[in-house]
Amino acid sequence: MNLQNDPRLKNMHPLKREILFRLSHTSTQMTPEEMLPQIMEINKELKKRDLSFSKDESELVLDIMTEGMSPQEKQKINMLRNFL
């Protein structure tokens, strides 16, 4: 997924974009179970700055995280939606 030119990111806060870029580079090497602590850390980082992902942005995060995963892994990630 080429996030650099993704029109959905055009108006996103720069910190949120940076987090998505970081996530896109690390999520391909992680299992769904390994992603949970990362998601929690992302939320903590955003809260410190009085930011949060909108519903659409959260969907984009999940798209990034599930790219290339098996259906079983995607199902596990869908269970993590409550943390976003």
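User: Which residues of H1 meet which residues of H2?

Analyst: In this predicted model, Leu15, Lys16, Ile19, Arg22, Leu23 and Thr26 of H1 meet Gln38, Ile42, Glu45 and Leu46 of H2. The axes of these two helices lie 11 Å apart and the helices pack at an angle of about 165°.

User: Why are H1 and H2 called roughly antiparallel to each other?

Analyst: The angle between H1 and H2 is about 165°, and an angle over 145 degrees counts as roughly antiparallel. H1 and H2 are therefore roughly antiparallel to each other. As for handedness, H1 passes H2 in a right-handed crossing.

User: What makes leucine 15 count as buried?

Analyst: Leucine 15, which has its place in helix H1, has a relative accessibility of 11%. Buried means under 20%, so leucine 15, at 11%, counts as buried. Leaving aside residues up to four places away in sequence, leucine 15 touches Glu45, Leu46, Arg49 and Leu51. With leucine 51 it is separated by 36 residues along the chain, while the two C-alpha atoms are 9.0 Å apart.

User: Why are H1 and H3 called roughly parallel to each other?

Analyst: The axes of H1 and H3 come within 9 Å and cross at roughly 20°. Since angles under 35 degrees count as roughly parallel, H1 and H3 are therefore roughly parallel to each other. The contact is made by Lys16, Leu20, Leu23 and Ser24 of H1 together with Glu57, Leu60, Val61, Ile64 and Met65 of H3. Here too a handedness is assigned, and H1 passes H3 in a right-handed crossing.

User: Which residues of H3 are buried, and what covers them?

Analyst: The buried residues in H3 are Glu57, Ser58, Leu60, Val61, Leu62, Ile64, Met65 and Thr66. What covers them includes H1, H2 and helix H4, which runs over residues 71–79.

User: How do you know that the span of H3 is close to the one expected?

Analyst: Helix H3, residues 55–66, has 12 residues, and from its first C-alpha to its last it reaches 17 Å. Just after H3, glycine 68 takes a positive phi of about 80°.

User: Why are H2 and H4 called roughly parallel to each other?

Analyst: The axes of H2 and H4 come within 10 Å and cross at roughly 30°, and the cut-off for roughly parallel is an angle under 35 degrees. H2 and H4 are therefore roughly parallel to each other. Their contact is made by Pro32, Glu33 and Met35 of H2 and by Glu73, Lys76 and Ile77 of H4. H2 passes H4 in a right-handed crossing.

User: Why does threonine 31 count as partly exposed?

Analyst: Threonine 31 lies in the loop between helix H1 (14–26) and helix H2 (32–48), and its relative accessibility is 31%. Partly exposed covers what lies between the 20% limit for buried and the 50% limit for exposed, so threonine 31, at 31%, counts as partly exposed. Threonine 31 and lysine 76 are 45 residues apart in sequence, and their C-alpha atoms are 9.4 Å apart in space.

User: What makes aspartate 50 exposed?

Analyst: Aspartate 50 has a relative accessible area of 74%. Exposed means over 50%, so aspartate 50, at 74%, is exposed. This residue lies in the loop between H2 and H3, and its phi is near 55°, a positive value in a residue other than glycine.

Methods:
Residues numbered from 1 in each chain as written. Predicted model: local features only at pLDDT ≥ 70, side-chain atom pairs only at ≥ 80, totals over all residues. Heavy atoms only, no water. Helix = DSSP H or I, 4+ residues; strand = E, 2+ residues; numbered from the N terminus. Buried < 20%, exposed > 50% of the residue type's maximum accessible area, 1.4 Å probe, protein only. Expected span 1.5 Å × (residues − 1). Contact = heavy atoms within 4.5 Å. Axes fitted to C-alpha atoms, helices over the stretch in contact; angles between N-to-C directions. Parallel < 35°, antiparallel > 145°, perpendicular 65-115°, else oblique. Left-handed = near helix turned anticlockwise from the far one by under 90°.
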